[in-house]
Amino acid sequence: MSERTAQRTAPLRARAEIDLAALRANVRALRAHAPGAALMAVVKSEAYGHGAVPCARAAVAAGADWLGTATPEEALALRAAGLPGRVMCWLWTPGGPWREAIEADLDVSVSGMWALAEVTEAARLAGRPARVQLKADTGLGRGGCQPGDDWAGLVREALRAEAEGLLRVTGLWSHFACADEPGHPSIAAQLGRFREMVAYAEEQGARPEVRHIANSPATLTLPDSHFDLVRAGIATYGISPSPELGTPADFGLRPVMTLSASLALVKHVPGGHGVSYGHRYVTPGETTLGLVPLGYADGIPRHASSAGPVLVEGKWRTIAGRVAMDQFVVDLGGDEPAPGAEAVLFGPGDRGEPTAEDWAQAAGTIAYEIVTRIGTRVPRVYVNEEQDG
């Protein structure tokens, strides 16, 4: 019995169906967008809510050359699950697990002198060189080393440690601030600054394996930014990084997650009946209400109250009133689906269901947040796990 069939015969309160065939196809499509560069599939935050280990395995099977995480703990979990190959992690705080990362053969990011000091000391203790990528702040103003004297000092000390056999400078990298805003002047400015900072490091003797700045939007729309490696995050999961850039279909991508639930209750109510906390919705007339057993504890944004779309029996419904911790209500307009009927919150849109982007618009946020925030109470059901062909 397939996993999909098993879920039909034993329905769950709610489920996030993860289509690994769609993920593999997305990886192949992204590789085609950047044919001259290696591809990193970013699987941070449980693969943007999709499940880090299954998605990482599917991405590697489809040709991803690297895996990327934010925290070292996420990267170490991939190694513990048996994932080989190149894995990079970049969000470090003082006292982090540098030695464990070195011994697991991870690539670690360094933005400042404190981190360089900690990783070189860990390398001494481990008795093997660390794989270090130096991050440049080219204008995002977040992580990364500032240009000028700060960058010169970091490069100098990193190359000194490399000469001592304590580390290997494997990469030089940065991150865009506005690659999802076509024509934004910061894009060209950051790209120029990145080239200058890379050139300086290489003039001083750095010989990086990879230079990279392209995130999902840059991978899809800025070929001049591809360098040796592109980092595909949200696009790996079939979501456009920005509606202004295009839909997933425009880029040959397909959303990977479908979120649905079984109606917990269907009941008749009279007109003038208040619904959910605060009675922000009052039934305009006699109707039927459906109870969807998902709430903000599951990651359904409360900001989508009275706005979030749901497909029930082929019709779009809208959340009636406020989203509660564990549930919300939809006005079924007199229709009477049976308890247990499927309510689809979002998916690829093939069946007329809303998409994560529709939910982002309803909640005043971005689709990244919609999928990433789906909580652990919602089981992930993986389908199409076997490699195509």
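How many nonpolar, polar and charged residues make up the lining of the largest cavity, by class? There are four nonpolar, no polar and three charged ones. Keep in mind that this is a predicted model, where local features need pLDDT of at least 70, side-chain atom pairs count only at pLDDT 80 or more, and totals for chains, interfaces and linings use all residues. Residues are numbered from 1 along each chain as its sequence is written, and side-chain values use heavy atoms, with hydrogens and water left out.

**Cavity**
- The largest cavity has about 30 Å³ of space, with volume taken as the space filled by probe spheres set on the points.
- Its lining residues (an atom within 4 Å of a point) are I102, D105, L106, R128, P129, A130 and R131.
- In the class scheme, Ala, Val, Leu, Ile, Met, Phe, Trp, Tyr, Cys and Pro are nonpolar, Asp, Glu, Lys and Arg are charged, and the others, Gly among them, are polar.

- Nine residues from domain 1 and seven from domain 2 make the contact (heavy atoms within 4.5 Å).

**Interface**
- Domain 1 and domain 2 bury about 800 Å² between them, with 61% of it on carbon and sulfur atoms; buried area is the accessible area (1.4 Å probe) lost on putting two parts together, summed over both.
- G49, H50 and I234 supply 53% of what domain 1 buries against domain 2, more than any other three residues.
- Zero salt bridges are counted between domain 1 and domain 2 (side-chain nitrogen of Lys or Arg within 4 Å of a carboxyl oxygen of Asp or Glu).

Notes:
On a 1 Å grid over the protein atoms alone, a cavity is a set of points where a 1.4 Å probe fits but cannot get out, and a pocket is an open set with protein on both sides within 12 Å along at least five of seven lines; lining residues have an atom within 4 Å of a point.
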